[in-house]
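Subject: Structure handover

Hello,

Here is the structure you will be working with. My notes on what was found in it follow below.

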Amino acid sequence: MTQQTKTDFNSFGADIRSLRKLRGLTLHDVAQRMNKSVGWMSQIERDLSDPKPDDLRHLSDIFDVSLSTLLQKPNTPDRETGRIVRKSQRRSIAKRADGLVEALLSPDLTDDFEAVHSVFEPGSTIPQPLSRPTQELAYLVSGKLDITIDGEPYTIHKGDSFRIRGETYTWSNPYDAPAVAIWIIAPPVY
């Protein structure tokens, strides 16, 4: 990854470019799916043009990220941009399961990894097994969480961590208290 300057961070275009590259797509691939020109796509990535609302929805579908993840930009002082994420400025991630509330801890989507703050509410469970081409490490900050990785069940307690390498997994919180985890995911998926 090339060295980026502070002005490269926290822009819609930078996030779109990163998502496109992470998904292994070329400008041509995305432009074709959008029914737009490569030049239009290039202008979006360089922040020279703004997509219309329908274009934004289409981009979120192409990259399989929530519209809110694409659009939320923290109101960060210039000196903190790309470096600091204040608790009140975290970008929320659209719900992928009832009872799971997630927010991006990473300053933007331009890194080779992302950090996510996840809260698993009591009684919540993932509706179906999940598998994604990532390496993930999670640390349980509080509570307990049941997780099954490639068919092996585990109960994770406060202070425990676990790793998933592209394996199929499920999670549930059958306990009375929320479970809070910090996830490191590479490559980014949100």
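A residue is called buried under 20% relative accessible area, exposed over 50% and partly exposed in between, with a 1.4 Å probe and protein chains only. I62 is buried by that rule, with a relative accessible area of 13%.

Before the rest, some notes on the source. The model is predicted, so local features need pLDDT of at least 70 and side-chain atom pairs count only at pLDDT 80 or more, while totals for chains, interfaces and linings use all residues. Residues are numbered from 1 along each chain as its sequence is written, and side-chain values use heavy atoms, with hydrogens and water left out.

Helix α4

Helices are DSSP runs of H or I with at least four residues, strands are runs of E with at least two, and both are numbered from the N terminus. I62 is found in helix α4, which covers residues 53-63. The buried residues of α4 are D55, L56, L59, S60, I62 and F63. They sit on the same side of α4, because they cover an arc of only 160° around the axis; the arc is that of the directions from the helix axis to the C-beta atoms. The face turned away from this buried side carries the exposed residues P53, D54 and D61. After α4 comes D64, with a positive phi near 55°.

Contact here means heavy atoms within 4.5 Å. Not counting residues up to four places away in sequence, I62 touches L25, V30, R33 and M34. I62 and M34 are 28 residues apart in sequence, and their C-alpha atoms are 8.7 Å apart.

D50 lies in the loop between α3 and α4. D50 is exposed, with a relative accessible area of 68%. From D50 to Q32 there are 18 residues in sequence and 18 Å in space, C-alpha to C-alpha.

Two packed helices are described by the angle between their axes and the distance between the axes. Axes are lines fitted to C-alpha atoms, for helices over the stretch in contact, and angles run from 0 to 180 degrees between N-to-C directions. Angles under 35 degrees count as roughly parallel, over 145 as roughly antiparallel, 65 to 115 as roughly perpendicular and the rest as oblique.

- The axes of α1 (residues 12-22) and α3 (residues 38-45) come within 7 Å and cross at roughly 120°, which makes α1 oblique to α3. F12, G13, A14, I16, R17 and R20 of α1 meet M41, I44 and E45 of α3.
- The axes of α2 (residues 27-34) and α3 come within 8 Å and cross at roughly 110°, which makes α2 roughly perpendicular to α3. L27, H28, V30, A31 and M34 of α2 meet V38, W40, M41, S42 and E45 of α3.

R20, in helix α1, is buried, with a relative accessible area of 8%. Leaving aside neighbours within four places in sequence, R20 is in contact with L25, T26, L27, V30, E45 and F63.

The core

A nonpolar core is a set of buried Ala, Val, Leu, Ile, Met, Phe, Trp, Tyr and Cys residues joined through side-chain atoms within 4.5 Å. The largest one has 40 residues, and those with the most contacts inside it are V30, L59, F63, F120, F162, W171 and W183. Beyond its neighbours within four places in sequence, W171 is in contact with A97, L100, F120, S124, T125, I126, L145, D146 and I147.

Regards
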